[in-house]
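The tour below goes from one selection to the next.

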Amino acid sequence: MSQHQELIQLQAQAENELADARDEKQLEAWRIKWLGRKGLVPAAVKQIGSLPKEERAAYGQAVNQLKQAVQAAFEARQQQLKEAAMAAELRSEGFDPTLPGRRPQIGRLHPSSATLREIAHIFAHMGFEVYTARDVETDEYNFQLLNFPKGHPAREMQDTFHTTTPDVLLRTHTSPGQIRVMRERYPEPIRVILPGKCYRYEQVTARSEMMFHQVEGLVVGKNITFADLKGTLQAFVDQLFGEGRQLRFRASHFPFTEPSAEVDVDCILCGGKGCRVCKYTGWLEILGCGMVHPNVLRNGGYDPEEWSGYAFGMGPERIAMLLHGVDDIRYFFSNDVRFLEQF
Ligand code: PHE
């Protein structure tokens, strides 16, 4: 038999035996026999050296082809066995990869949280830092340091949940955080928002809950004016409701700001013509604000001769109601998934 024929036979034999390898173990035995260091294929390659010079080139070429073919056949068989093993495993687990998937229920942000985040995001872009103050406050911080003396009638506007500890209460607004930031940051200038929950002992109605959120804003610096407040709020409203909203500042009263204002935006639904949502006034009230009262600056450690500032407070639930046309605040905290799912 010529050497060439020998090689052809060798290859055929290798391939036949390969087809008989039915699992990893048999495949490995085959590999050692044929391709291992002392295997039949390397042995055939080594024979080059024992051939007369003139036969070497032709034989070398043929034996190299053989080696490559056998190696390729091995890899193909290896892949085949792997896939067969995987398919067998899937079958034995009763898993059918061709069935359509079942979409998992994915949670989402509560509309109050989503609105809070949107508000925080807009202010963050204007350089405001988020400051988290406490929910449980003292009468001193919630009222006295904010210029509500004991017995002030404005306290009644904010009927309070008291704890069994005298003078410890649930904050009725986020404004006590103003004093906490000032006392912590003096003598630095301040630009913060204070988001969080507030509590009022009130009749629950479509318009008022006993727990709700507020976002307080506080800026303290040198030469801060009402114009800064107006510009900041206009920029905020343009980003929240869309460019070109009209703002209206109505004189108002809060003990801790002077002067004080309530701010209305032209109705985002009817554009000011008058509709059910704006009660045919064309305006929607969105927040309270004013210049920080000198007594409050002083209580925070800032000399009102040298420093000035503004503050504002808004309710994200109220804003979410306007943005999404929700007509009852009680939906926010009644945990009805049919409501929450819509956001
Ligand atoms: N704290 C006021 C409220 O709860 C809102 C407010 C905050 C007004 C800051 C002026 C300045 O109604």
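This is a predicted model: local features need pLDDT of at least 70, side-chain atom pairs count only at pLDDT 80 or more; totals for chains, interfaces and linings use all residues.

Residues are numbered from 1 along each chain as its sequence is written, and side-chain values use heavy atoms, with hydrogens and water left out.

**Domains.** Select 3-92, which is domain 1, and then 111-340, which is domain 2. These bounds come from an automatic or database domain assignment. The centres of the two domains, taken over C-alpha atoms, are 80 Å apart.

**Ligand.** The selection holds 15 residues, and the closest are His173, Ser175, Arg200, Gln214 and Glu216.

Which side chains make polar contacts (pairs of N or O atoms within 3.5 Å) with the ligand? One of them is His173, with a polar side-chain atom 3.1 Å from a ligand nitrogen. For Ser175, the distance from a polar side-chain atom to a nitrogen of the ligand is 2.9 Å. At Gln214, a side-chain N or O atom lies 2.9 Å from an oxygen atom of the ligand. The ligand taken alone exposes 330 Å², of which the protein buries 91%; these areas come from the Shrake-Rupley method with a 1.4 Å probe.

**Shell.** Colour the shell by residue class: 5 residues are nonpolar, 8 polar and 2 charged. Here Ala, Val, Leu, Ile, Met, Phe, Trp, Tyr, Cys and Pro count as nonpolar, Asp, Glu, Lys and Arg as charged, and the others, Gly among them, as polar.

Next, select β5 (211-221), β8 (283-292) and β9 (308-314), each of which supplies at least two residues of the shell. Strands (E, at least two residues) and helices (H or I, at least four) are DSSP runs, numbered from the N terminus. Which strand gives the most to the shell? That is β9, with 3 residues.

**Backbone.** Go to Tyr186 and Pro187, where the peptide bond is cis, with omega near 0°. Pro187 is in the loop between α7 (176-185) and β4 (190-199). Another cis peptide bond joins Glu258 and Pro259, with omega about -5°. Pro259 belongs to strand β7 (residues 257-266).

Finish at Tyr280, in the loop between β7 and β8. Tyr280 is not a glycine, yet its phi is positive, near 65°.

Key. A residue is near a molecule or strand if one of its heavy atoms lies within 4 Å of it. A polar contact is a pair of N or O atoms within 3.5 Å; within protein, one must be able to donate a hydrogen and the other to accept it, and residues adjacent in sequence count only if both atoms are side-chain atoms.
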